[in-house]
Amino acid sequence: MTPAEKDLHTLLASMHPAVREGEYVYVRWPEGRPLSGHIAAAVREADGLTVVLPRADADAQDLPHDHAAAWITAQTPSADGAAGLTAAISAALAEAKIGVKVLAGFHHDHLLVPVPDAERALEVLHELSAASRSASGGTPAPEPRLVLRDEQPGDRPALLELTRAAFAISPVTGEPVEGEPEEVGLLAALFECAEYLPAFSVVAELDGEIVGHVISTRGRVGELELLGLGPLGVTPRLQRHGIGSALMKETISRANAAGERGIALLGSPGYYARFGFVPSTSLGVQAPDPAWGEYFQLLPLALWPGGVNGTFRYAAPFDAAGGHG
C-alpha cells in the first residue's frame, strides 16, 4: 500500500476538484425520527443531529433549511495526517470571499459553497493547484495552453456546435432544452447582422481545440454606442475551469483598448459582479424588458460618460430571439 501523501504542495498540485450533481442543504433532523432520504453526511452534537442531504429530499420531507450549497470534492490523494491541506483550501476560498463548510472524509475533503459561488470556487481551486505545481519545483506534465483569438469565418460551424452543446441545459431553469437552443439561431444571426463587430467575437482554444466563445455586438442607449454581450458559451466538459472568466476579461480588455463606453448583458448578478457589472438602472440605463430587473447589468468602462438615461437596445437579432442575452 502506498503511504499517504503528506507533502502539502504535492497534494494541492494533484488536486482535481469536481462538483457533485445537485444542490445540498443542512437540516436539523427531528428528534426520534428515523433517517430517510439520500443522507450525504450526518453529525451528532449535544444539541441534536445535523444532516446534509439533497435539497429536493429536504423539500419532499418538509424539512426547513437555509441556503442551498454546491458540493465540491477536492479529489486529492489520500491525505491522512497531511498538515495544512484544509487550511490552504479554506484560506484560498476566503480570500475570494467565498464561504465554505468542509466535510472531511477518509479519502477526500468535501467543500460546500453557496450555489452562486460554485463556478468561482472551482476556478480558485484550479488556480491554487496550478500555483502549487509551480512551487513544487517538480516537472509535472505541461498544462494545456489556453489561447484567446479573433473568430475566423471558418470557425463558425464549430462555434454553432459548441453553442448547441453549451446551452443544451437551460441556464435559467437548469433543465434540458427541448429542440434547438435559441442561442444557436441567435449566434448565427449575429454573425450576419449589421451590428456584428469582428474584434469582439473572441474564440478560446485549448491545445488547438475550440472550447469557448463570446460575442459582443453593437448596442445603444439613445445615440450612445455600447456593447451588448452574449451569448457566451464553453464546452460542457470544461465549464467551471476558468474559460468563461478568461473570455470575459479578454472582452473587457479589448473594449477598454478600443475606447468603448460600456458593456451590457443579461445574466446572473452573482457571477458577473466579480467583473464589475452592476444593475443597469444604477447607471440610468433601463433594460429592454423591465421584467429582467437586476439580471440586466452594465459595466461602465474607462470612458463611461455619466449622465446617461434611456433604454438599452440590442442588435436586431435579439428582438427575434425575445431579447435573450
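Me: Which side chains count as positive and which as negative, and how far apart do the centres of the two sets lie in this protein?
Reply: Lys and Arg count as positive and Asp and Glu as negative, while His and the chain ends are not counted. Each charge is placed at NZ of Lys, CZ of Arg, CG of Asp or CD of Glu. In this predicted model, the protein has 23 positive and 40 negative side chains, and the centres of the two sets lie apart by 4 Å.

Me: What is the mean pLDDT of the protein?
Reply: The model is predicted, so local features need pLDDT of at least 70 and side-chain atom pairs count only at pLDDT 80 or more, whereas totals for chains, interfaces and linings use all residues; pLDDT is the predictor's confidence in each residue, from 0 to 100. Residues are numbered from 1 along each chain as its sequence is written, and side-chain values use heavy atoms, with hydrogens and water left out. In the protein, 91% of the residues reach 70 or more, and the mean pLDDT is 88.

Me: How many contacts does the stretch of residues 1–5 have beyond near neighbours in sequence?
Reply: Over residues 1–5 the pLDDT is below 50. Where pLDDT is low, the predicted coordinates should not be read in detail. With contact meaning heavy atoms within 4.5 Å, the number for this stretch in the model is eight.

Me: Where does Asp-62 lie, and is Asp-62 buried or exposed?
Reply: Most residues other than glycine have a negative phi. Asp-62, which is not a glycine, has a positive phi of about 55°. Its place is in the loop between helix H2 (55–60) and strand S4 (69–73), where helices (H or I, at least four residues) and strands (E, at least two) are DSSP runs numbered from the N terminus. Because buried means under 20% relative accessible area, exposed over 50% and partly exposed in between (1.4 Å probe, protein chains only), Asp-62, at 69%, counts as exposed.

Me: What is the relative accessible area of Lys-97?
Reply: Lys-97 lies in the loop between helix H3 (85–95) and strand S5 (101–104). Phi of Lys-97 is positive, near 60°. Lys-97 is exposed, and its relative accessible area is 74%.

Me: Which strand holds Pro-231?
Reply: Most peptide bonds are trans. The bond from Gly-230 to Pro-231 is cis, with omega near 0°. The protein has nine helices and 15 strands, and Pro-231 lies in strand S10 (residues 224–234).
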